[in-house]
Structure formats: C-alpha cells, structure tokens
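Please keep the sequence and the structure in view while working through them.

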Amino acid sequence: RHTAAADRRETVPINNRGIASMNYASVLLHIEDSSHRPALTDVALALCSEHDAFLTALHVYIPDYHSHLPRGGYPVAQSPESVQRAEAQAKQRDARFEADFDKRARRFPATQTEWRFHLGELAETHLAPTLALHAQCADLVIMGQHDGHDRYSQTTYDTPAVVALASARPVLVLPHNRHFQTVGRRIVLAWDASVEATRMTSAVLPMLARAESVDVVMVNEGKTMTPALGDAPGADIALYLARHGVEVTVRQLERHGSSVAETLLSALSERDADLLCAGAYGHSRLREIAFGGVTFDLMRYMTVPTLIAC
C-alpha cells in the first residue's frame, strides 16, 4: 500500500533533465489603453500555455476628469456629470478590451483566464499600489515598457520596478519597440551576489529550466569582484543552478567606459538573447530616482524582455 508521501512523489512531473519541473501557476497581466496591448496579451497567453498557468488580466484605469478641458485650461473640481461621463467611457473601453482579450484567449483553450477591472479615483495615485496588491497573489507579473508616444498610457518607466518592490514579486517587462516570438529561450542573467539578484534568480527558475542557453554575467565595476563574489566569481551561483538542472556559462564583462546598463545591453546583443534577468534597485530606490541608476536605464532603454525582482 502506498503512503500519502509516496503518492505525492509519483505525481510530481519530471522534466528532461531528470528534476522536478517548475512552473508558474499564476500570472498577472497588466492591461492598459496602449497600442502594444494586443502583442503583450499574446506573449502572456503563450507563456501561460507553456507553464500551464492561470492568467489574470487586470485592467486598471484612473479616469482623467479634466480631459474635456481645453489645452491650458485650469483644472476645477469635477462635477457629477464629468465623473459619470469619465466612468461611462472607462467601462465602455473596458468592455472592448475584455472582448479582445477573450478572442485572443480562445487560441489557447487549455489556458484558464480571468478578467478584472479596477476603476480608480485620482490620476497618478493608485496605479502601482493597485497592481502590487493584485500581484501579491501571483507568481509573475507581466507589464509593457512605458511608451511616451502612447497618449493614454498611465505608467512611467519606473512603474514596473515600483510594483516589484511593493509586491515582492518578479515583473517581466516587454519592450514596446520590438515584438518577440519567444521569451526565455536564450537568457542572460545579471549576477552581482546582491539580495535583489538572489531573489531574481529564484523567481526566474521556471524559465531557466526551459532555456536553450543561460549566460550568467557579472559586470566589473572597476573594483575587485572578490569580496562580494568570492575567489571564483560566479562559481557558487553556477553550482546552485546546476543543482536545479540548469547548465550555465559564466562570463565577466568589462565596462570599458560604458555604464553597467550599456554593458549588459551589449551582452544581450552579442548573445542574441531574448530575456534579461536582473535585480532591481541594487543601491536604493531613492538614490536611483534622484540620480538615475541601472534599473531605470534598463527600463528606459531595454532591447529585450527584462525580468526584474527586488
């Protein structure tokens, strides 16, 4: 007679490397009024199909009660009529987005989905906290990179990192200037032995287990790498990943006068990568906002899908 523990072991799926397979079980997709929304939805559905994950599409909209004012007009307290008009328009927009999402989801009949709509109150105040609240019960959040040309976008370049920080969940950000048929086949993992990089590595294990190639890269910032990374930089994280069945190539990158972000972006091009994984806010969010930093530069100038974690 089998014990309960034995029964559980028999139901654990095994991948082709002989280890227990890892999946994202729940994914949150941020929906907004953006020209990139259809492509973002398709990538999310394809990823959830691959991981057998439940996809929740969350449309968050913060009405602009003063959108009817002429350019340069002074904002005034919203009237009941303006509030009703803005909310009615938001609900019509939401119905249109949901219909398009359902249409695209039908191409992935095995993927379970859910649609949520959150209508906010004050512009620029509730978007990131609302996303973070829903993200806390997801394994992964998918968002699009901010596009300054999208008239109705309510995100900034910083929004994905703020969501990652507030929710303690990894955020996959897709660039707006390129569409990728695959995400996570050729991965570059930025490693600096920080707490943020450690959390990012754990968060991306399901993708690493499926990747065709994984490069662990360490950027030499002009000082010895030994104190933070040990006598053999990259050896410990390579061994950790090997125990998870992930074979990696470890590389040290020299900056040669470039910034850390520029060095990482060059490595992505060299490896023809389709995913960069990095820890976010390695110094502090306040410092990055005030002076700029790697996280902000990656979010602004990304060339491939980028997964960040705090």
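Buried means under 20% relative accessible area, exposed means over 50%, and partly exposed lies in between (1.4 Å probe, protein chains only). The model is predicted, so that local features need pLDDT of at least 70 and side-chain atom pairs count only at pLDDT 80 or more, while totals for chains, interfaces and linings use all residues. Residues are numbered from 1 along each chain as its sequence is written, and side-chain values use heavy atoms, with hydrogens and water left out.

Q: Is Asp-139 buried, partly exposed or exposed?
A: Asp-139 is placed in the loop between α4 (127-135) and β4 (140-144); helices (H or I, at least four residues) and strands (E, at least two) are DSSP runs, numbered from the N terminus. Its relative accessible area is 33%. This value lies between the limits of 20% and 50%, and therefore Asp-139 is partly exposed.

Q: Which backbone nitrogen does the side chain of Asp-139 reach?
A: Contact means heavy atoms within 4.5 Å. Not counting residues up to four places away in sequence, Asp-139 touches Tyr-24, Ala-25, Ser-26 and Pro-170. At 2.8 Å, the side chain of Asp-139 reaches the backbone nitrogen of Ala-25.

Q: What is the relative accessibility of Leu-229?
A: Leu-229 is found in helix α8 (residues 226-229). Leaving out residues up to four places away in sequence, Leu-229 touches Trp-191, Asp-192, Ala-193, Met-218 and Gly-234. Leu-229 counts as buried because its relative accessibility is 11%.

Q: How far apart are the C-alpha atoms of Leu-229 and Trp-191?
A: Trp-191 is among the residues that Leu-229 touches. The two residues are 38 residues apart along the chain. Their C-alpha atoms are separated by 9.2 Å.

Q: What is the phi of Ala-193, and where does this residue lie?
A: Ala-193 is found in the loop between β6 (186-190) and α6 (195-203). With 33% relative accessibility, Ala-193 counts as partly exposed. Although Ala-193 is not a glycine, its phi is positive, at about 65°.

Q: Is His-256 buried or exposed?
A: His-256 lies in the loop between β8 (249-254) and α10 (260-271). This residue is not a glycine, yet its phi is positive, at about 50°. Its relative accessibility is 74%, and therefore His-256 counts as exposed.

Q: Which residue follows α2?
A: Helix α2 (residues 37-51) has 15 residues and reaches 21 Å from its first C-alpha to its last, close to the 21 Å expected at 1.5 Å a residue; the expected span is 1.5 Å times one less than the number of residues. Among the buried residues of α2 are Leu-40, Val-43, Leu-47 and His-51. The helix is followed by a residue whose phi is positive, near 55°, namely Asp-52.

Q: How many aromatic pairs does a search of the whole structure find?
A: Rings of Phe, Tyr and Trp (its six-membered ring) pair if their centres lie within 6.5 Å; planes under 30 degrees apart count as stacked, over 60 as edge-to-face and the rest as tilted. By this rule, the number of aromatic pairs found is two.

Q: Why is the pair of Phe-101 and Trp-115 called tilted?
A: Phe-101 is in helix α3 (residues 80-105) and Trp-115 in strand β3 (residues 113-119), 14 residues apart. Both Phe-101 and Trp-115 are buried. The ring centres are 5.5 Å apart and the planes stand at 50°, so the pair is tilted.

Q: What is the angle between the ring planes of Tyr-157 and Phe-296?
A: Tyr-157 lies in the loop between β4 and α5 (159-167) and Phe-296 in helix α12 (residues 294-301), so the pair ties together parts 139 residues apart in sequence. The ring centres are 6.2 Å apart. The pair is edge-to-face because the planes are at 80°.

Q: Which residues have the most contacts inside the largest nonpolar core?
A: A nonpolar core is a set of buried Ala, Val, Leu, Ile, Met, Phe, Trp, Tyr and Cys residues joined through side-chain atoms within 4.5 Å. The largest such core has 63 residues. Those with the most contacts inside it are Leu-172 and Val-204.

Methods
Polar contact = N/O pair within 3.5 Å; in protein donor to acceptor, adjacent residues only side chain to side chain.
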